Amino acid sequence: MSPDVTGHDFARARDGQGPLLTVKGLCKEFALRRSAADWVNRSKAERVAAVQDLSFTLNRGETLGIAGESGSGKTTAVRCLIRLVEPDAGDITFAGIDVRVASGRDLRDVRRRMQMVFQDPYASLNPRMRTGDAIVEAGRVHHRPGSENADSFQADLLELVNLPKSVARKRPHELSGGQRQRIAIARALAVGPEILIADEALSALDVSVQAQLLNLFQDLKRELGLTMIFVAHQLSIIAQTADQVAIMYRGKVVEQGPVADIFSHPQDPYTRALLAAHPQPDPDQRLAVQFVDDAMRAGSESARTDSADAGGVP
Amino acid sequence: MAEPLPSPTDRERGSLDIRGLRVAFNRRGSRIVAVNDVDLGVSSGQTLGLVGESGSGKTMTLRSVIRLLPRAAVVESGEVIFDGVDVLRLPREELRKIRARSIGTVFQDPYSSLNPVSRVGAQLTEALRLNLGLTQKEAALRAVEALRHVGIPQAEKRVRSYPHELSGGMRQRVMFAIATAARPRLLLADEPTTALDVTTQAQILALLARLRAETGMTTVLVSHDFGVIAQACDTVAVMYAGHIVERAPIREVYRRPHHPYTQGLLNSIPSVVPPSRTEDSRLSTIPGQPPELSALPAGCPFQPRCPHVRPACTEVRMKLERVEGDHFTACPFVRSWDVS
């Protein structure tokens with residue numbers, strides 16, 4: 001690839017001092033829908049804390065993993081980073097920009113430099129647009145150098161994600177799930193991001209395709225010096241990609257630190273339960289299931305139990 | 001529960017034998033073979049895992065057992081022998097009885113399997129009345145018992161819940177309660193934990209293990225996740241493009257996979273152990289894409305992605321051959337490379 005397609009801003013970016021992204025005390029609450037009884041009683045809608053006091057610092061070239069089960073707040077957390085969701089409290093500093101108050105050109109800049117790849121590329125790509133055009137459009141919106149020449153621009157980006165040039169002329173439905181996700185990645189890279197946020201980007205894929213994309217992310221990280229945030233419920237994906245990890249449970253980070261430490265010596269009972277519940281492909285490691293059962297019975301404080309969950313339902 | 005358990009010594013009952021099964025679709029004039037000459041057996045009380053990626057034919061194979069195939073699908077040949085009879089040739093009325101009493105089924109998404117406007121107790125009661133001929137009162141009592149049995153707390157209250165009031169894991173427990181309430185001898189479970197969180201998945205797998213141990217029912221578990229299969233199964237059959245490429249006891253497949261696809265699949269599974277800094281963190285992968293069923297190559301369908309491919313691969317007939325003991329593979333060239 002030619003360096004100016006995606007590498008344009010890196011030289012400037014590398015000059016910056018200190019962490020690339022700092023998040024302090026990020027909070028986001030959502031109001032639940034008011035029930036009929038709430039209307040009658042004129043009571044306020046119940047609120048749920050989707051993200052409570054999330055803090056982390058991310059240096060250039062590092063990868064942060066955010067792990068947790070559904071409803072843990074991990075997606076809301078990353079959406080707050082580029083203000084797809086407006087946070088209620090906390091500080092977000094990205095490359096010297098105060099993201100919370102950024103507007104206009106600054107906010108556009110933040111969103112260009114932090115790009116997201118979502119779980120379902122079929123939903124995030126325009127079904128009527130050829131994939132090559134989608135890539136070029138993203139580049140042109142942000143006036144990327146090289147994007148004037150559509151052919152070479154899309155060819156460079158397709159090469160970056162290991163797709164043949166011929167794919168540029170196809171529409172999303174003509175591609176396999178893995179190819180579509182590569183297109184979504186190429187489109188994100190087309191605007192020259194410094195941080196790539198993958199929100200369950202590998203969850204919907206078959207195992208063999210997932211492994212290919214895991215490798216692709218590793219290559220991109222190395223070749224482009226990308227900083228990454230991986231959001232995943234699958235701990236193995238975090239284990240393979242992240243340098244540091246935050247384990248979220250019902251909006252709170254229960255444990256955070258270097259991935260090697262946390263995965264080998266989990267301290268929080270929820271982290272332990274999560275790791276123990278991961279189904280190992282080795283049939284002689286069936287202890288995991290037993291462990292979770294025991295953890296449930298012992299009623300460990302943060303180990304999520306299915307029954308406790310249902311118990312909360314009126 | 002009222003009915004006595006089937007005696008575990010009775011080897012004939014509850015065993016499933018699929019022979020030469022071929023299921024095809026007619027799509028826009030072209031014929032697509034989704035299940036291609038599948039031979040599978042699971043003896044009474046055992047659990048068989050069917051593992052493969054999307055489009056490999058595992059779900060169609062499972063659905064053939066209860067003839068619950070999409071309209072466009074045609075069973076072109078083969079037999080599905082359950083309890084000594086060929087299910088594929090049963091008259092509808094007999095089939096209905098088998099579905100009601102002898103075979104329980106759990107699908108991936110409990111939300112779409114349950115009626116959203118009916119209380120879970122009513123759905124269980126209905127199944128029990130129709131399938132076992134119980135009275136409303138007997139069935140209602142039995143419904144509470146069935147919910148309790150699958151680990152639903154406060155079952156006597158929970159029978160009045162609607163599906164949307166329950167968590168995903170609870171809904172799947174309800175599905176297990178419905179599927180096993182009639183004490184079937186065979187349980188078919190198609191990706192029963194795929195939509196669930198990992199800790200809930202572990203609980204459902206623990207529930208499945210307990211139900212199996214208590215009832216001695218034969219189980220066929222379909223999953224794309226080798227980890228789930230390894231947790232729950234005695235034997236595993238690996239499917240690729242409609243064919244079974246390898247079949248063996250689970251430990252055998254994990255320790256010494258013979259078919260190149262199985263090897264690739266196992267190598268692709270990311271570990272929960274982070275790679276050390278010095279290690280090469282790249283996973284070994286299977287190159288290329290899973291095949292289009294409408295455009296399969298001649299011979300072995302895996303050959304375009306196979307590291308051991310040779311000219312003779314286009315002639316391969318995809319018949320399972322014994323490697324040793326209970327270990328079968330469809331690759332005739334396994335002895336020509338070092339399996340270890």
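Before I start on the strands, I'm noting that two strands pair if DSSP finds at least two bridges between them. I'm also keeping in mind that this is a predicted model.

**Entry 1: a hairpin in chain A**

I looked up β9(A) and strand β10 (residues 252–258) of chain A, and they pair in the antiparallel sense over six bridges. Which residue is the bridge partner of A:Ile247 in β10(A)? I found A:Glu255 there. The hairpin of β9(A) and β10(A) has two residues between the strands, and in this hairpin A:Arg250 takes a positive phi near 50 degrees.

**Entry 2: two tyrosine rings**

For one of them, A:Tyr249 and A:Tyr270, I noted ring centres 4.4 Å apart and planes at 40 degrees, so the pair is tilted. A:Tyr249 lies in strand β9 (residues 244–249) of chain A and A:Tyr270 in helix α13 (residues 269–277) of chain A, so the pair ties together parts 21 residues apart in sequence.

**Entry 3: a helix pair in chain A**

How do helix α9 (residues 177–189) and helix α10 (residues 207–224) of chain A cross? Their axes come within 10 Å and cross at roughly 20 degrees. Angles under 35 degrees count as roughly parallel, and α9(A) and α10(A) are therefore roughly parallel to each other. Their crossing is right-handed. On the α9(A) side I listed contact residues including A:Ile185 and A:Leu189, and on the α10(A) side A:Leu216 and A:Phe217 are among them. By class, I get eight nonpolar, three polar and one charged for this contact.

**Entry 4: a helix pair in chain B**

Over in chain B, the axes of helix α4 (residues 120–132) and helix α7 (residues 168–180) come within 9 Å and cross at roughly 15 degrees. That makes α4(B) roughly parallel to α7(B). I noted a right-handed crossing here too. α4(B) brings B:Val120, B:Gln123, B:Leu124 and B:Ala127 to the contact, while α7(B) brings B:Val174, B:Ala177 and B:Ile178. My tally for the contact of α4(B) with α7(B) is six nonpolar residues, one polar and no charged ones.

**Entry 5: the four-stranded sheet**

In chain B I traced an open sheet of four strands in the order β2-β1-β4-β5, with antiparallel pairing. Which strands are at the edges? They are β2 (30–42) and β5 (85–86) of chain B, and each pairs on one side only. Inside the order, strand β1 (residues 16–27) and strand β4 (residues 73–82) of chain B pair over eight bridges. One thing I checked along the way is that B:Ile18 stands opposite B:Val80 in β4(B). Helix α1 (residues 58–65) of chain B lies across β1, β2 and β4, running at about 115 degrees to β1(B).

Three bridges join β11(B) to strand β12 (residues 327–329) of chain B, and the two run antiparallel.

Conventions
Residues are numbered from 1 along each chain as its sequence is written. Chains are lettered from A and ligands numbered from 1 in the order in which they are written. This is a predicted model: local features need pLDDT of at least 70, side-chain atom pairs count only at pLDDT 80 or more; totals for chains, interfaces and linings use all residues. Side-chain values use heavy atoms; hydrogens and water are left out. Axes are lines fitted to C-alpha atoms, for helices over the stretch in contact, and angles run from 0 to 180 degrees between N-to-C directions. Angles under 35 degrees count as roughly parallel, over 145 as roughly antiparallel, 65 to 115 as roughly perpendicular and the rest as oblique. A crossing is left-handed if the near helix is turned anticlockwise from the far one by less than a right angle, and right-handed if clockwise. Contact means heavy atoms within 4.5 Å. Ala, Val, Leu, Ile, Met, Phe, Trp, Tyr, Cys and Pro count as nonpolar, Asp, Glu, Lys and Arg as charged, and the others, Gly among them, as polar. Rings of Phe, Tyr and Trp (its six-membered ring) pair if their centres lie within 6.5 Å; planes under 30 degrees apart count as stacked, over 60 as edge-to-face and the rest as tilted.
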